[in-house]
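Here is a friendly set of notes to read alongside the model. Please keep the structure open and take the points in order.

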Protein chains: 2
Amino acid sequence: MFLNSLNKKHKIKFIPDNITIEVEDNTSLLQAINIAGINIVSSCGGKGTCGACKVIILEDDKDNQQKTVLACKTLVNRDMTVEIPTKSRLQEHQVLTTNIKNIKNACIEESNKSKEDLLLHYKKNPFVKKIRLKINKPSLTDNTSDWTRLQLKLKKVLIDNSDNSDKEKLITIPLSILKNLALILRQSNWDVSVTLTSLSDSDSEFNSYKVIKVEKGNSSPLFGLAIDIGTTTVVVSLINISTGEIIDTQGTYNKQVKFGDDVITRIIYAVDSPDNMLEIQKVVIETINELIDKILSRNKYNINSNDIVSTVVAGNTIMTQLFLGINPKYIRLEPYIPTINEVPLINASEIELNVLPESLIHIFPSVASYIGGDIVSGVLVTDMSNKDDLTLFIDIGTNGEIVLGNKDWLVTCASSAGTCFEGGGINSGMRAMSGAIERIDIDTQTLDINYKVIGDTPPIGICGSGLVDCLAKLRKAGIIDRTGNFQFQNSERYKVTSDDKIFVLAWSYESGTGKDIIITENDVKNLIRAKGAIYAGIRSLLNSVGIEIDIIKKIIIAGGFGNYLNIKDSIQIGLLPDLQEDRYNFIGNSSLKGAILGLLSQDAWKEALELSHKITNIELSVGNKFMDEFVSALFLPHTDLTLFPSVEN
Amino acid sequence: MFLNSLNKKHKIKFIPDNITIEVEDNTSLLQAINIAGINIVSSCGGKGTCGACKVIILEDDKDNQQKTVLACKTLVNRDMTVEIPTKSRLQEHQVLTTNIKNIKNACIEESNKSKEDLLLHYKKNPFVKKIRLKINKPSLTDNTSDWTRLQLKLKKVLIDNSDNSDKEKLITIPLSILKNLALILRQSNWDVSVTLTSLSDSDSEFNSYKVIKVEKGNSSPLFGLAIDIGTTTVVVSLINISTGEIIDTQGTYNKQVKFGDDVITRIIYAVDSPDNMLEIQKVVIETINELIDKILSRNKYNINSNDIVSTVVAGNTIMTQLFLGINPKYIRLEPYIPTINEVPLINASEIELNVLPESLIHIFPSVASYIGGDIVSGVLVTDMSNKDDLTLFIDIGTNGEIVLGNKDWLVTCASSAGTCFEGGGINSGMRAMSGAIERIDIDTQTLDINYKVIGDTPPIGICGSGLVDCLAKLRKAGIIDRTGNFQFQNSERYKVTSDDKIFVLAWSYESGTGKDIIITENDVKNLIRAKGAIYAGIRSLLNSVGIEIDIIKKIIIAGGFGNYLNIKDSIQIGLLPDLQEDRYNFIGNSSLKGAILGLLSQDAWKEALELSHKITNIELSVGNKFMDEFVSALFLPHTDLTLFPSVEN
């Protein structure tokens with residue numbers, strides 16, 4: 001796959017990926033996209049028949065017009081800038097989403113139990129149920145109204161089928177369904193299927209149902225969405241609620257990224273004007289709706305958006321408020337108060353989500369401004385709140401959130417790790433997607449480098465797990481000292497520029513971008529601050545409850561790192577506590593997994609509501625103890641080496 | 001006020017009133033409008049300064065353009081067609097709305113009790129309440145979310161203030177309020193007023209509140225609307241819920257009249273296409289919103305639409321379904337099933353009513369397709385369901401509905417009386433408004449006629465109470481026989497044309513239209529059918545429970561007739577049963593009065609819900625007994641004269 005330099009070459013910049021590569025004259029654009037490590041849909045294999053690989057050529061030597069073309073049918077004969085629309089992208093967040101297959105069929109039936117399934121002890125009792133009703137026709141002597149007739153029959157069936165608790169339940173119906181109820185009942189000859197959603201509320205035993213759909217009688221399954229709204233990425237899973245099958249999972253960038261990488265920048269943007277507030281809400285809903293469209297356009301069941309009758313969302317507190325258009329101004333100002341932790345039930349129509357308008361959106365409750373529903377969802381999936389032993393849960397995403405506890409108590413804190421581990425602020429940094437170096441090894445003698453790239457393509461950057469590896473190996477090879485300063489190396493990989501020191505990880509001729517993949521002294525300092533923040537968070541949490549690290553029996557790592565994080569290297573650099581490797585577990589995108597769990601089980605959902613009250617937030621900004629811990633952690637692995645007995649000096 | 005024929009005259013046709021008059025050259029248009037008996041706003045008394053008397057000149061000898069002018073500043077110098085917009089009209093439905101003053105301050109305090117007030121035994125406990133809260137500011141150590149903080153304080157105040165039953169109540173908040181809750185709390189320095197609405201449901205004890213407004217702390221009163229949606233007219237009252245004061249009442253035509261005078265025609269129009277359905281809903285909401293605008297534009301409190309926090313609506317079943325956009329197709333087809341009798345709670349925003357969008361609309365439940373919420377509302381006001389004695393309640397509007405019963409049982413039926421008594425299908429018929437003959441006397445010897453006109457203007461037509469009078473007097477004077485056939489009269493008032501026989505009630509020179517006001521043999525036949533239908537309904541209802549008429553202690557007449565119906569004459573023609581006059585009572589627009597009652601008292605509202613279940617509908621179209629009764633009633637007063645002992649033959 002090396003680029004041959006004999007022929008004429010052209011530079012192609014891909015946006016919004018911001019990846020520039022060089023390719024030979026007459027290379028097809030589809031090939032170039034693959035070289036750049038960008039996953040594009042190409043259902044027909046490049047024959048030009050499916051029309052899926054549409055891209056937009058933005059700049060062009062000949063004219064300045066933008067032009068939509070099929071990548072497979074376009075040859076590169078000049079320098080160009082090419083936008084690859086979300087629609088044309090295939091499973092962008094491969095790493096984040098494929099892990100989800102692990103819980104396929106989870107929490108469905110006892111018989112499916114396996115030790116991988118953390119979810120199995122919840123009963124499958126989703127918010128929605130579908131009931132087939134054969135109703136007696138009205139007559140002059142039996143002339144109650146249509147809705148009363150339907151309601152009486154529904155109540156009777158609910159009582160007959162259950163569970164007793166349905167006896168006292170109220171059933172409501174929205175005006176939108178009443179409008180044509182008379183026609184539907186008669187067109188279906190009084191044989192209808194009614195989809196009900198539970199209006200259960202955490203605070204009370206007052207349980208009731210809302211009719212969200214009345215259709216001709218049938219036995220088609222119910223479908224729902226689980227959504228993880230991350231600051232950086234958004235992932236949507238389509239679930240067959242009736243069977244528990246995960247039909248499809250798609251992820252993409254949160255379009256809000258254009259208003260800033262981190263939550264603070266976004267809050268500042270959002271509160272600047274009511275228009276900004278509307279816009280920042282709109283783009284995240286657009287992001288989700290495009291993912292829904294993508295999933296619906298290719299599902300085997302011919303599901304349309306009105307077949308999606310239940311949605312569960314997990315996101316951090318700021319993402320949740322922006323998703324709902326709730327002004328987040330005071331979240332970033334001391335004393336950091338969100339408008340809501342527990343979110344009222346929302347109708348899909350209120351936020352124009354592209355699902356059945358009358359269906360409900362259940363949103364995971366937050367604990368505090370910086371401990372959101374994504375963490376509650378994650379804790380739910382870890383099952384740590386039902387264990388005797390202590391568990392430490394660490395979610396490293398755009399922020400680092402840490403939860404410690406067991407069935408008796410749970411404490412948490414948020415640590416501003418920054419976006420380093422997602423590639424932010426690192427010269428060759430990128431997210432864990434195709435083309436990213438995820439493993440690296442440096443020969444301590446020759447400084448020769450071996451690396452492993454996601455998708456086995458030429459490398460175009462280095463992702464979080466690669467950076468952790470890299471930091472450990474740079475230290476091991478003596479390229480950096482314990483504070484992260486570069487040491488002189490008699491190697492062509494080592495370069496000094498006017499404002500930084502550089503170490504080359506992959507040469508331009510190896511890379512997919514035509515440029516060197518590098519790490520600099522500044523990159524290293526940023527990474528040390530990030531790992532120091534996370535470790536200091538862990539220490540602060542332990543201190544707050546007066547517990548020594550060794551008592552912790554299980555450490556669960558969630559987030560983009562996924563299964564790819566090297567535990568040994570993480571300990572070497574002082575990112576993770578120095579505990580036996582077998583105490584570490586990976587859980588992938590626990591926020592999404594928890595959302596799926598909530599979608600399938602009201603019992604699990606209720607536990608999540610309880611968790612949000614049970615988890616105590618430790619505000620790290622209060623007092624100076626965190627700052628002391630942080631400063632102590634700005635070394636590799638730490639100033640206090642007794643905390644890292646396994647690490648060689 | 002006679003028109004002087006010395007000068008040049010011009011014909012002016014007013015629409016939508018469909019009244020044509022002749023006026024002298026250079027009469028002001030304002031004067032002409034007054035001559036025509038149309039009430040127009042003229043706040044400045046015709047000085048041309050207030051701009052209120054805007055009218056539209058539609059046809060014009062000079063050009064075909066329509067032109068908006070001030071009536072007071074425009075002189076009539078040619079024939080013209082003039083549209084008088086609703087906005088420019090003053091208290092159109094004087095007769096219907098002024099009666100409302102009778103219950104001013106009713107149901108407020110025990111001390112206001114008077115024997116006129118039917119409403120007094122209900123406790124004043126409206127759906128809405130406003131609570132002033134002074135909330136502790138959050139801090140780093142007291143950092144619950146804004147909504148949780150507000151909710152806890154609210155619950156505490158509810159418990160402290162009450163009544164115990166509030167202890168278990170849920171409080172919900174809509175997303176729209178959450179969006180800026182953080183700002184409101186801080187801008188008001190944590191001193192806020194919260195308006196709550198009860199979400200009580202008839203079916204259950206599960207009571208909960210919804211926050212519908214959060215504003216800076218204040219003690220301003222709460223306002224609400226009571227609305228009567230009639231087939232022909234719509235009346236809106238603005239109420240100070242805090243004091244019970246009726247601030248203003250405005251009525252106008254239901255704009256749906258353009259799709260047909262009666263409910264059947266409107267159903268046919270509505271179900272013809274989804275667009276028609278939307279349109280027919282839109283025009284009634286427009287009708288109401290224009291009345292709200294009119295009331296708000298001139299209230300002394302500077303109330304705006306967001307200050308209206310509660311709305312109660314009463315209308316017949318078809319009006320209710322059309323108001324909500326619910327397809328009414330099957331109401332007119334046997335077995336005549338409505339989609340709903342009991343209406344779910346509706347948010348104002350769902351139907352774009354011009355009140356606080358988050359406020360609730362409570363709609364009176366119906367009994368059956370042709371016994372609507374207006375009748376339930378009326379029965380509530382009569383208090384007949386709390387009496388030992390039997391009461392007969394008759395509401396004569398576009399339809400005639402009859403309810404019979406006491407505290408133990410209630411039966412009802414609807415009789416298609418048609419629109420005769422509102423002026424429909426009668427040559428000189430008109431509604432009970434300014435210019436209508438409401439009383440008439442015919443000298444049995446000379447056939448000279450005396451009449452009384454509403455507003456003491458020259459007559460422009462004859463309304464329901466005038467027609468009842470007229471029929472009785474025509475019979476008494478021997479002008480018609482018992483079947484309604486005209487008898488030859490040696491009088492200039494008696495004329496025979498090719499297709500009808502005519503009796504002149506007022507000569508053209510007396511009238512405000514420049515034309516004779518007449519009654520014809522066909523008019524008489526139509527009136528006999530109308531009165532026969534109502535009497536047959538009463539008889540059928542009595543037969544259904546096997547009761548003789550004399551047992552009825554009280555007869556209550558509601559509807560446009562108001563206090564103006566002559567009981568003696570009504571008995572003479574066989575419209576009403578032959579009972580002592582002191583058993584008869586008038587209640588005016590009981591539908592609107594009941595709506596006011598519901599607005600002020602949840603106890604009253606709950607009784608209305610119970611009434612809707614308690615009242616048994618007798619379907620007159622089932623079996624032939626009604627038809628027998630109807631045929632027997634097509635005489636003056638009846639074929640069975642023993643039913644009318646007081647009537648001379």
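1. A word on terms first: two strands pair if DSSP finds at least two bridges between them. Helices (H or I, at least four residues) and strands (E, at least two) are DSSP runs, numbered from the N terminus. This is a predicted model, in which local features need pLDDT of at least 70 and side-chain atom pairs count only at pLDDT 80 or more, while totals for chains, interfaces and linings use all residues. Residues are numbered from 1 along each chain as its sequence is written, chains are lettered from A and ligands numbered from 1 in the order in which they are written, and side-chain values use heavy atoms, leaving out hydrogens and water.

2. Now to a sheet in chain B. Strand S10 (residues 223–229) and strand S13 (residues 308–315) of chain B run parallel and are joined by 7 bridges. One place to look is Asp228(B), whose bridge partner in S13(B) is Ala314(B). These strands belong to an open sheet of 6 strands in chain B, ordered S12-S11-S10-S13-S15-S14, with mixed pairing.

3. Next, please find helix H6 (residues 263–270) and helix H8 (residues 317–324) of chain B, which pack at an angle of about 30 degrees with their axes 10 Å apart. That angle makes H6(B) roughly parallel to H8(B). The scale is this: under 35 degrees is roughly parallel, over 145 roughly antiparallel, 65 to 115 roughly perpendicular, and the rest oblique. On the H6(B) side the contact uses Val263(B), Arg266(B), Ile267(B) and Ala270(B), and on the H8(B) side Ile318(B), Met319(B) and Leu322(B). By class, that contact has 6 nonpolar residues, no polar ones and 1 charged. Here Ala, Val, Leu, Ile, Met, Phe, Trp, Tyr, Cys and Pro count as nonpolar, Asp, Glu, Lys and Arg as charged, and the others, Gly among them, as polar.

4. In chain A, have a look at helix H6 (residues 263–270) and helix H7 (residues 274–296): their axes come within 7 Å and cross at roughly 130 degrees. H6(A) is therefore oblique to H7(A). Arg266(A), Tyr269(A) and Ala270(A) of H6(A) meet Asn276(A), Met277(A), Glu279(A) and Ile280(A) of H7(A). The contact of H6(A) with H7(A) holds 4 nonpolar, 1 polar and 2 charged residues.

5. Chain B has another open sheet of 6 strands, with mixed pairing and the order S26-S25-S16-S17-S18-S27. Strand S16 (residues 391–396) and strand S17 (residues 400–405) of chain B are antiparallel over 6 bridges, and Phe393(B) has Val403(B) as its bridge partner in S17(B). Helix H14 (residues 590–600) of chain B lies across S16, S25 and S26 of chain B, at about 65 degrees to S26(B).

6. Finally, how do the chains relate?

Methods. Axes fitted to C-alpha atoms, helices over the stretch in contact; angles between N-to-C directions. Contact = heavy atoms within 4.5 Å.
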